[in-house]
Protein chains: 2
Amino acid sequence: MLDYALLDALAAVVRHGSFDRAAGALNVTPSAVSQRVKLLEERVGAVLVKRGQPCVATAAGALLCRHTERVQLLEAELGGGMPTVAGALDASRPTLRVAVNDDSVGTWFIDAVAGFCVERGILLDLVIDDQDHTAQRMRDGSVQGAVTTQAEPVQGCRSTRLGRMRYLAVCSPAFFERYFSAGVGREALRRAPCVEFNPKDQLQKRFVRRITRAQVDAPLHWIPHVAGFLRCCMSGLGWGMCPERMIAPHLARGELVELTPGRALDVELYWQSWRLSIGWLDDFGTMLKRRAAEFLDQGRGA
Amino acid sequence: MLDYALLDALAAVVRHGSFDRAAGALNVTPSAVSQRVKLLEERVGAVLVKRGQPCVATAAGALLCRHTERVQLLEAELGGGMPTVAGALDASRPTLRVAVNDDSVGTWFIDAVAGFCVERGILLDLVIDDQDHTAQRMRDGSVQGAVTTQAEPVQGCRSTRLGRMRYLAVCSPAFFERYFSAGVGREALRRAPCVEFNPKDQLQKRFVRRITRAQVDAPLHWIPHVAGFLRCCMSGLGWGMCPERMIAPHLARGELVELTPGRALDVELYWQSWRLSIGWLDDFGTMLKRRAAEFLDQGRGA
């Protein structure tokens, strides 16, 4: 079998981004970590870590890290059923590495999973990405589960519907007055600055296409930050699509107004995770589906 | 001189991440964009864009994009003083590309700059990174300014102190009861799960070193998301360092408690920007320093 002391060192370097921090986490000297990774590289015959600030895995290194994480998960599962084994394991707490979209983390995800994770002693390792791109993280095997817009199961995974996040196009009242007092048409949308999260964020473009039946090139702010995005809309810098549940209080207080009331965009979210049956990963999925029902709309989209 | 129609196409592809979206933004066909980039690559004798999802600049491409952005900035500056020139420019609104740390965007940055940007018609393009790493974005020239912990000016830049963000170590009352009822010592910190933003985030480790005079390896949650990080602390998943201004209401309501009252960590923030004098970039810096005084503590750190 593989030498897991070496794999553990590799995984620690990649996770912590440096040999020094990996050494701290493993409670050995940096030179011991360095020797283990070098030895593994000699055995495998490939460079596994690109040394730098931070250190990152090469393609070969990433494959080995993923394998190591899966084995660690299986060990944690084993430890859960056998207390004597748990004592022999370095870490008795399993880490769940999941890809989640920014708006889910900003609105419901943490509250939905906190109780379960506290109870089971699970540690969370979140990878944040756009909801249309989290499934990619499942495909490349770098996470054990993902909250995604992709309904169709990634190979080797199963998919469950969680519910719907509703997005509204909003801006400040002063912004509305300045740009949209004569209506929300093509010309107004061409002049009014729009807030986009990042180049992957297609929500604003989808809204514009639905309203105008055309593509409109607006001046763009780029704000890859959930709270910053909302502040940008509230402070009159631009208009943008925000999750209804996040902005409900601001709409109620009149700090934000809708561009076109009643014209929401719905995003369907799914949970995908490995079909490899690991007891608590299955339990996590079951719990997530049940809890999501409290936080997400369950009807079908508009 | 260089052919700026070609450079404009290159910059659009890199900014939008795809030839199709760049074509939309430039109002030409995708094949026109593709031809322009290819022609530029032939003239320069190097590949400038790595084709993919998204398309990214090669090192040579990044240099040309940065140059193009600087010229666009200078054009915007020129247009501000000459309305007839402004009319001839594609974009009469300058875009300010700045690197800002996550917690600043989550707490004060947008509110501080919104008024100025609305008044001058400036578009924001934020690059989010850890406060200890934003200066790197200045060094590699990919942003025009940065909110950073580095006081010493990056070459070709000037540096101004903005003020201090104060961080408190906090957790939920139930979490405190479970892990710290007998005191916040080494053993308790080794058992209590800790929330870290990402491997660059050193605040929790600095706090532990200060309290225990030792390095302690705690179970870690990784939550690279400002709101998610806070929700993790509030829901009892772990303890973490949060900006005092962000959590003041939660402390007041007793939803969060301090691990060690009176033992804050202070982070000094600086504004660094190009010394190349561009009128409104200088004005932005002056405004930012003035406005920061309303949002950040101005005394020297603890």
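Student: What relative accessible area does Glu244(A) have in this model?
Tutor: Residues are numbered from 1 along each chain as its sequence is written, and chains are lettered from A and ligands numbered from 1 in the order in which they are written. This is a predicted model, in which local features need pLDDT of at least 70 and side-chain atom pairs count only at pLDDT 80 or more, while totals for chains, interfaces and linings use all residues, and side-chain values use heavy atoms, with hydrogens and water left out. Glu244(A) is found in helix 13 (residues 244-252) of chain A, where helices (H or I, at least four residues) and strands (E, at least two) are DSSP runs numbered from the N terminus. Buried means under 20% relative accessible area, exposed over 50% and partly exposed in between (1.4 Å probe, protein chains only), and Glu244(A) is partly exposed because its value is 32%.

Student: Which residues does Glu244(A) touch, not counting those up to four places away in sequence?
Tutor: Arg166(A) is 78 residues from Glu244(A) along the chain, yet their C-alpha atoms are separated by 5.6 Å. With contact taken as heavy atoms within 4.5 Å, and leaving out residues up to four places away in sequence, Glu244(A) touches Arg166(A), Tyr167(A) and Leu168(A).

Student: Is Pro243(B) buried or exposed?
Tutor: The place of Pro243(B) is in strand 9 (residues 240-243) of chain B, and beyond its neighbours within four places in sequence its contacts include Met165(B), Arg166(B) and Tyr167(B). Its relative accessibility is 3%, so Pro243(B) counts as buried.

Student: In strand 4 of chain B, which residue is the bridge partner of Asn101(B)?
Tutor: Strand 4 (residues 123-129) of chain B has seven of its seven residues buried, with Leu124(B), Leu126(B) and Ile128(B) on one face and Leu123(B), Asp125(B), Val127(B) and Asp129(B) on the other. Two strands pair if DSSP finds at least two bridges between them, and strand 3 (residues 95-101) and strand 4 of chain B pair in the parallel sense over seven bridges. Among these two strands' residues, Asn101(B) has as its bridge partner Asp129(B).

Student: How many disulfides are there over all chains?
Tutor: A disulfide is a pair of cysteine sulfur atoms within 2.5 Å, and the sulfur of Cys55(A) is 11 Å from the closest cysteine sulfur, in Cys65(A), which is too far for a bond. Cys157(B) is in no disulfide either, as the nearest cysteine sulfur, that of Cys65(B), is 19 Å away. Over all chains, the count of disulfides comes to zero.

Student: How far apart are the closest N and O atoms in the salt bridge of Arg231(A) with Asp111(B)?
Tutor: The contact between the chains takes 44 residues from chain B and 44 residues from chain A. A salt bridge is a side-chain nitrogen of Lys or Arg within 4 Å of a carboxyl oxygen of Asp or Glu, and the count between chain B and chain A is two. In the salt bridge that Arg231(A) forms with Asp111(B), the closest N and O atoms are apart by 2.8 Å.
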